[in-house]
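Colleague: I would like to go through this model with you, one local feature at a time. Could we start from the contacts of a single side chain and work outwards?

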Amino acid sequence: MMNEPFWGRGVRDWVDIQEPLQRPLYEAILDALALQPGQSLFDAGCGSGVVCVLAANRGFDVTGLDASSAFIEVARQRCPSGRFAVGDLSERLPFADESFDGAMFSNSLQFVPNAADALREAVRVVKPGGRIVVAVFDSPEKCEGQKPIGAIMSLLPAGPAASRSPFALSHGATIEKLLRDAGLEYEGIKRVEAPWRYRDLQTALRAFTSAGPSQEAIEIVGAEKLRAVLETAVSPFLQSDGTYLLENAFMVASGRKAP
Ligand SMILES: C[S@@+](CC[C@H](N)C(=O)[O-])C[C@H]1O[C@@H](n2cnc3c(N)ncnc32)[C@H](O)[C@@H]1O
């Protein structure tokens, strides 16, 4: 089991500022799953349970797993009908074969060192005919958020890029291959726009600082250095009304397990 991750340390700002901006993405994931009320959903890397809440509102029976115990604590409070576990998607999932009607990864699979193995585990726990939806950032040129995120990542020590970069899977062909190699019938990719608009600089800085890589950067270079780097990175996105606007797109890919 991994150590407590950096994700979750900034949970309040993540929940209050960043998650609401991604609502179009979360709804698109649930639409792509096309589950019926009463059916079961596994949210792999569920974070603070934002999609679990929306899924429960649609009548789905939700189970979430995340490496961050801080996130899972908040998920349990927000989604009392859900079942939650702290766990590592790099390891065998603590669920029996064919436990769920569907499974999803919302911006989580790219952080798992061996994404292919994690996806195969999700396939194992989904019932025959069940759908798996994987959502990641669209390619960097479609995401202005890549600028501040890239600036944050530049503060971190070089590591296996594939396990660290938020954009590691941000290529349509990469996602398609992952789904096909996991034995799924590939159903396609939908593009979803989710602009990030912050009412002022402070709010933008709080949002970007709440993400896991920023929390890691604070340990390495300190909060002041991170703040200075972020201020520079977001400055091109200042609008005439004082807000900051970063256009972003996500990819929502789906595949189906053979019936
Ligand atoms: C960008 S957040 C996304 C959270 C949520 N799914 C959402 O869309 O708002 C990435 C999440 O992946 C989780 N994560 C990263 N690597 C993981 C691993 N190996 N096992 C479990 N969770 C992991 C983090 O703890 C974090 O909650």
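Modeller: Leaving aside its neighbours within four places in sequence, Glu 121 is in contact with Arg 92 and Leu 93, where contact means that the C-beta atoms, placed from the backbone, lie within 7 Å. This is a predicted model, in which local features need pLDDT of at least 70 and side-chain atom pairs count only at pLDDT 80 or more, while totals for chains, interfaces and linings use all residues. Residues are numbered from 1 along each chain as its sequence is written.

Colleague: Is Glu 121 buried or exposed?

Modeller: Glu 121 lies in helix α5, residues 115-125, helices being DSSP runs of H or I with at least four residues and strands runs of E with at least two, numbered from the N terminus. A residue is buried if 20 or more other C-beta atoms lie within 10 Å of its own, exposed if 12 or fewer, and partly exposed in between. Because Glu 121 has 21 C-beta neighbours inside 10 Å, the residue counts as buried.

Colleague: Which residue of β4 is the bridge partner of Asp 43?

Modeller: Strand β1, residues 40-44, is mostly covered, with four of its five residues buried. Strands pair if DSSP finds at least two bridges between them, and β1 runs parallel to strand β2 (residues 61-66) over five bridges, with Asp 43 opposite Gly 64 in β2. Three bridges join β1 to strand β4 (residues 100-106), also in the parallel sense, and there the partner of Asp 43 is Met 104.

Colleague: Which residue in β3 stands opposite Leu 65?

Modeller: β2 and strand β3 (residues 83-86) run parallel and are joined by four bridges. With helix α4 (residues 69-78) they make a right-handed β-α-β unit, right-handed meaning that, with the strands pointing away from the viewer, the path from the first strand over the helix to the second runs clockwise. The residue in β3 that stands opposite Leu 65 is Ala 85.

Colleague: How many charged residues are in the shell around the ligand?

Modeller: The ligand is surrounded by 19 residues, each counted as near if its C-beta atom, placed from the backbone, lies within 6 Å; the closest are Trp 7, Gly 45, Gly 47, Ala 67 and Ser 106. Ala, Val, Leu, Ile, Met, Phe, Trp, Tyr, Cys and Pro count as nonpolar, Asp, Glu, Lys and Arg as charged, and the others, Gly among them, as polar. On that division the shell holds nine nonpolar residues and seven polar ones, and the charged residues number three.

Colleague: How many residues does the second, separate core have?

Modeller: A nonpolar core is a set of buried Ala, Val, Leu, Ile, Met, Phe, Trp, Tyr and Cys residues joined through C-beta atoms within 7 Å. The largest has 62 residues, and those with the most contacts inside it are Ile 29, Val 134, Ala 135 and Val 252. The second, separate core includes Ile 149, Ile 152, Leu 226 and Leu 230, and its size is 19 residues.

Colleague: Is Ala 34 buried or exposed?

Modeller: Most residues other than glycine have a negative phi. Ala 34, however, has a positive phi of about 50° although it is not a glycine, and is found in the loop between α2 (23-33) and β1. Because 11 other C-beta atoms lie within 10 Å, Ala 34 is exposed.

How values were computed. Two residues are in contact if their C-beta atoms, placed from the backbone, lie within 7 Å.
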